[in-house]
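Reader: I've got a structure open on my screen and I'd like to talk through its surface and its charged pairs. Could you walk me through it?

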Amino acid sequence: MYGLLLENMSDYIITKYGAERWEEIRRLACVEQPSFSVHQVYPENLIPRLSNRAIEVLGVTEREFFEGMGVHFVGFVSQYGYDRVLSVLGRHMRDFLNGLDNLHEYLKFSYPRMRAPSFICENETRQGLTLHYRSKRRGFVYYTMGQIKEVARHFYRKEMGIEVVREELLVDTVHVTFQLTFDNRAFGLASLTMTREEKHLPVSASVLFEIFPFCIVFSSDMVVRSIGNSLMVILPDLVGNKITNWFDLVRPLVAFQFQKILNRTNNIFELVTVEPVMTGRPFDRKRSVLLSDESSMDGSEEKNLRLKGQMIYMDDWRMMMYLGTPVMPDLSSLVSTGLYINDLPMHDFSRDLMLAGTQQSVELKLALDQEQHKSKKLEESMRRLDMEMRRTDELLYQMIPKAVADRLRNGENPIDTCQMFNSVSILFADVVTFTEICSRLSPMEVVSMLNGMYSIFDNLTERNKVYKVETIGDAYMVVSGAPEREDNHAEKVCDMALDMLDAIKGLKDPSTGSHLCIRVGVHSGAVVAGIVGLKMPRYCLFGDSVNTASRMESTSEAMRVHVSQPTRDLLPACYQLVERGEVQVKGKGSMKTYWLEGREHDARAVQEPHTDEEEDVREEPPQPEDAVKEAEMEDDRSVYSPVTFQEIAKRSLASSPKRAAAGRSNSTGSVQQLPSSPAEFVSARVLDPQSLDFGPPLPGGIRRRATLTA
């Protein structure tokens with residue numbers, strides 16, 4: 001099907017329901033194209049796929065959706081100029097309906113591969129008529145009803161009532177009978193006949209067949225009695241045989257019978273020969289060479305004669321006369337059927353159209369190919385733009401909550417996004433002795449170490465369904481209960497804390513080889529969350545609860561989770577907590593706090609950091625059984641640490657500024673060599689002291705600064 005129908009559906013959904021609904025429908029239907037080229041042919045299953053998802057997403061019935069789309073189509077095609085064609089198709093509504101079947105014949109010049117439906121009117125009265133609709137496609141009944149209703153209302157100012165009388169499937173054709181009810185007074189005016197006396201003007205058969213060289217006269221038994229002069233040359237054996245043995249009726253979609261034709265003389269009839277036309281004349285060999293040269297240009301070769309014209313019942317003869325004209329898209333079709341220019345009638349401009357069309361066909365075909373190429377490039381650009389927009393949205397939603405980002409997109413003031421949350425749980429974590437570690441590492445090594453650790457923690461936030469607020473130096477801040485309100489926010493944050501303790505065991509200090517240790521603090525309370533300022537927007541938390549959570553972290557110990565009393569009160573009995581006692585907290589005074597040891601039926605177990613003696617023992621060459629156990633432990637760690645420091649170090653080394661300096665001579669004339677292995681990379685040092693500032697201070701005035709020295 002052509003993209004005109006798909007683009008109409010897209011425009012209808014966007015106009016009535018919004019662009020977000022269309023994007024959702026397109027995503028569910030697995031359709032990548034964000035837009036469609038009007039003159040491009042697309043798979044037939046796109047409309048059913050999209051319509052089924054649209055009905056499901058929009059919550060409407062099939063009839064409501066397709067009728068609305070049909071009504072929208074009449075206004076939609078006005079941007080392509082087709083409203084002018086619809087407005088001049090008939091003076092009255094009955095004229096439009098009677099000529100509706102012929103409308104698609106006109107459109108075939110623009111859409112040559114169109115699978116047009118067929119419309120036939122009968123039982124016409126002053127109150128309406130019966131309309132027969134036949135199509136090779138299914139599912140367009142309500143769509144057609146919406147189009148007819150809108151044409152009657154928009155162009156003829158009439159209210160149209162349509163009822164489906166019968167619907168049946170004949171082989172591969174859908175046949176639907178509509179009963180149309182409308183003010184059809186024009187039928188009474190047309191039925192009035194004017195009588196006048198005329199002198200008989202006899203016309204001889206030879207003159208008639210010369211005027212209409214492709215006419216066919218056949219009787220009620222479908223036997224051909226006479227044919228035009230040009231047909232006599234190429235089909236001399238047609239006379240005396242049944243027309244149904246020589247021609248197939250392509251349009252309208254009715255049986256090729258005399259009575260059926262007699263009831264539909266106001267339709268255009270298209271006939272095509274059953275077999276290719278074989279002239280057998282001696283100069284056909286030269287013509288076949290010409291044909292092969294021309295047909296090779298478009299890859300097609302049509303040797304069947306195709307006629308299009310009108311059926312007229314000759315009452316005096318009691319026969320049907322078909323006034324046909326050959327359909328010749330180009331000269332190759334003329335050559336293939338054994339015809340010449342002078343075989344075509346003069347009075348209907350067939351010769352002029354053939355010659356003019358031949359001259360312009362190459363230019364028009366080239367222009368059409370270029371237009372289709374541009375349409376495909378535009379469609380591909382739209383598809384890439386759509387992909388980039390999705391990537392941009394994903395990146396934005398990783399920085400700012402989706403609900404808040406959407407409000408900012410709609411033009412809201414950032415301060416209006418701030419919300420009050422009565423109860424949330426906040427987690428702070430940092431690396432123990434981070435300043436000392438930084439003094440032994442280069443800046444790139446510090447960044448690589450933090451990147452590996454934060455990547456692991458970020459995966460854990462997805463697992464525990466908590467929101468990562470920010471990182472400040474080695475400090476990692478997490479919240480639950482905001483921006484989405486949660487009843488079990490304390491449980492989620494504590495699960496996150498226990499997972500962080502387990503996951504950090506898989507990372508080591510690059511300078512010493514010992515395991516990294518973190519300390520964690522958790523507190524629950526009220527906060528205000530939102531975005532403030534205009535530049536570099538970030539989703540931040542404000543309130544005394546943030547400061548208290550930071551104090552819980554700063555007063556915690558290595559590989560321990562320090563929990564405040566409000567958080568303890570929110571945790572169920574399955575969490576194992578040990579009372580720490582009264583702790584002096586800066587700015588808060590004495591507070592009763594707890595250590596979170598674990599959770600019942602949980603494999604998590606808090607361990608004290610390894611001592612140097614334990615590290616030395618651990619680094620001895622393991623026995624085979626120990627090696628198996630250590631491999632199993634490494635497999636367990638991989639669940640929590642999918643990104644190892646060694647991998648991060650390799651990637652960081654590749655993108656390090658040192659790489660650009662490789663091979664360049666230093667001040668002494670020697671060449672600076674880059675580390676060739678992770679071990680050399682870990683032991684690498686910068687020559688000059690540098691100071692690395694990790695951003696703004698933590699809540700409560702804490703600032704992380706590490707001095708990096710040789």
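Author: Here are some questions and answers on this predicted model.

Reader: Take Arg115 and Glu44: how many residues apart in sequence are the parts that the pair ties together?

Author: Their side chains meet in a salt bridge at 3.7 Å, N to O. Arg115 sits in the loop between helix H7 (100–107) and strand S1 (118–125), while Glu44 is in the loop between helix H2 (19–28) and helix H3 (46–58), so the distance along the sequence is 71 residues.

Reader: And which elements does the pair Lys468 and Asp458 tie together?

Author: This is another salt bridge, 3.1 Å from N to O. Lys468 lies in a strand and Asp458 in a helix, so the pair ties together strand S12 and helix H19.

Reader: Asp502 pairs with Lys505. Is Asp502 buried or exposed?

Author: The closest N and O atoms of that salt bridge are 3.5 Å apart. Asp502 has a relative accessible area of 12%, and the cut-off is under 20%, so Asp502 counts as buried.

Reader: What about the nonpolar patch on the surface: how much accessible area does it have together?

Author: Ile415, Met420, Val528, Val532 and Phe542 form it. One of them, Met420, lies in strand S11 and is partly exposed at 45% relative accessibility. Together the five residues have an accessible area of about 410 Å².

Technical notes: Residues numbered from 1 in each chain as written. Predicted model: local features only at pLDDT ≥ 70, side-chain atom pairs only at ≥ 80, totals over all residues. Heavy atoms only, no water. Patch = residues over 30% accessible without salt bridge, like charges linked within 9 Å, V, L, I, M, F, W, Y side chains within 5 Å. Areas by Shrake-Rupley, 256 points an atom, 1.4 Å probe, with all protein chains shown as cover. Salt bridge = Lys/Arg side-chain N within 4 Å of Asp/Glu carboxyl O. Helix = DSSP H or I, 4+ residues; strand = E, 2+ residues; numbered from the N terminus. Buried < 20%, exposed > 50% of the residue type's maximum accessible area, 1.4 Å probe, protein only.
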